[in-house]
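Biologist: I have a chain open on my screen and want to go through it with you. Can we start with the charged side chains and then move on to the fold?

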Amino acid sequence: MPSFGRSLSGCVALSLLVTGCGPSPSSFLSGTDPCTLLTADEASRALGEAAQPGVASDATTCVFKAVGHEGYAVTVQVDETSGKDRRAWFNKERLRRDSILISGLGDGAVRIDSPPSLSRVSFLRGDSLVTVMVSTTGRTDLANAAMVVARSAAERYGATVAP
């Protein structure tokens, strides 16, 4: 019997940029199509190069891949699972040494940068959690790019976005 826990944690460790991990196409359910939270133009600006339209890798994850670099991508993930305690996960994330708290975004937001190629912003809205990741080595201002697309996703998701 395979160990699904290890394969799922592997997906999380890779920031869900690799598709096909885990025991099923989705480890949780979502009512919101994550591909509706960003546009290909917004993903292109974040990557600093043209991006393909978003493609759902499962019901909760949408990936906008760069046209010229297969490994460069903007990923949006929406977790709306009922009965799941996302605040506990969020609190754990915000206590990480490498986390940066973001005020005025949703009901709480945190950014974690993994230079030089990944910046991830997660925000809460009520009982839901949205994560936006920008993965590229083509930007020197990766954290800013991640914040811009996270704000766009938050606005479309109906979360608070302070000026």
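Modeller: Start with D113 and R111, whose side chains meet in a salt bridge at 3.0 Å, N to O. Keep in mind that this is a predicted model.

Biologist: Is R111 buried or exposed?

Modeller: R111 counts as buried, because its relative accessibility is 13% and the cut-off for buried is under 20%. D113 has 21% relative accessibility, so D113 counts as partly exposed.

Biologist: How many salt bridges are there in the whole structure?

Modeller: A search of the whole structure gives eight. One of them joins E70 to K65, with the closest N and O atoms 3.0 Å apart.

Biologist: And how accessible are E70 and K65?

Modeller: E70 is exposed, at a relative accessible area of 57%. K65 is partly exposed, at 29%.

Biologist: What about R86, which residue does R86 form a salt bridge with?

Modeller: With D79, and the closest N and O atoms there are 3.1 Å apart. Both R86 and D79 are buried.

Biologist: Which residues are linked in a network of salt bridges?

Modeller: E93, R96, D98 and R120 are linked in that way.

Biologist: OK, new topic. How many helices and strands does the chain have?

Modeller: Four helices and seven strands. Read from the N terminus, the order of elements is α-α-β-β-β-α-β-β-β-β-α.

Biologist: What is the order of the strands in the sheet?

Modeller: The sheet is open, has seven strands and pairs them antiparallel, in the order β1-β2-β3-β7-β6-β5-β4. The edges are β1 (55-58) and β4 (99-102); each has a single partner strand, so one side of each has no neighbour in the sheet. From one strand to the next, the twist averages 20°.

Biologist: Let's look at β6. How many of the residues of β6 are buried?

Modeller: Seven of the eight, so β6 is largely enclosed by the rest of the structure.

Biologist: How many bridges join β6 to β7?

Modeller: Eight, with β6 (residues 118-125) and β7 running antiparallel. F123 has V130 in β7 as its bridge partner, and S119 stands opposite V134 in β7. The hairpin of these two strands has two residues between them, and G126 in that hairpin takes a positive phi near 60°.

Biologist: And how do β5 and β6 pair?

Modeller: In the antiparallel sense, over six bridges. A hairpin with three residues joins β5 to β6. S114 stands opposite L118 in β6.

Biologist: Which strands does helix α3 lie across?

Modeller: Helix α3 (residues 86-94) lies across β3, β4, β5 (109-114), β6 and β7, and runs at about 140° to β6. Helix α4 also packs on the sheet, where α4 touches β3, β4, β5, β6 and β7, and the direction of α4 makes about 25° with that of β6.

Biologist: I was wondering about a serine, S152. Where is S152 placed?

Modeller: S152 is in helix α4, which covers residues 142-157. With a relative accessible area of 16%, S152 is buried.

Biologist: What is S152 in contact with, leaving aside its neighbours within four places in sequence?

Modeller: With L37, L38 and E42. E42 belongs to helix α2 (residues 40-47), where E42, A43, S44, A46 and L47 are buried.

Biologist: What do the buried residues of α2 pack against?

Modeller: Against β2 (61-65), β3 (73-79), β7 (128-135) and α4. After α2 comes G48, with a positive phi near 80°.

Biologist: Last thing, some totals. What share of the residues of the chain count as buried?

Modeller: 45% of the 163 residues. The chain exposes about 8300 Å², and carbon and sulfur atoms supply 54% of that area.

Biologist: And how much of the contacts in the chain with a separation of 6 or more comes from residues 24 or more positions apart?

Modeller: Such residues account for 50% of those contacts.

Terms used
Residues are numbered from 1 along each chain as its sequence is written. This is a predicted model: local features need pLDDT of at least 70, side-chain atom pairs count only at pLDDT 80 or more; totals for chains, interfaces and linings use all residues. Side-chain values use heavy atoms; hydrogens and water are left out. A salt bridge is a side-chain nitrogen of Lys or Arg within 4 Å of a carboxyl oxygen of Asp or Glu. Buried means under 20% relative accessible area, exposed over 50%, partly exposed in between (1.4 Å probe, protein chains only). Contact means heavy atoms within 4.5 Å. Accessible areas come from the Shrake-Rupley method with a 1.4 Å probe; for residues, only the protein chains shown count as cover. Two strands pair if DSSP finds at least two bridges between them. Axes are lines fitted to C-alpha atoms, for helices over the stretch in contact, and angles run from 0 to 180 degrees between N-to-C directions.
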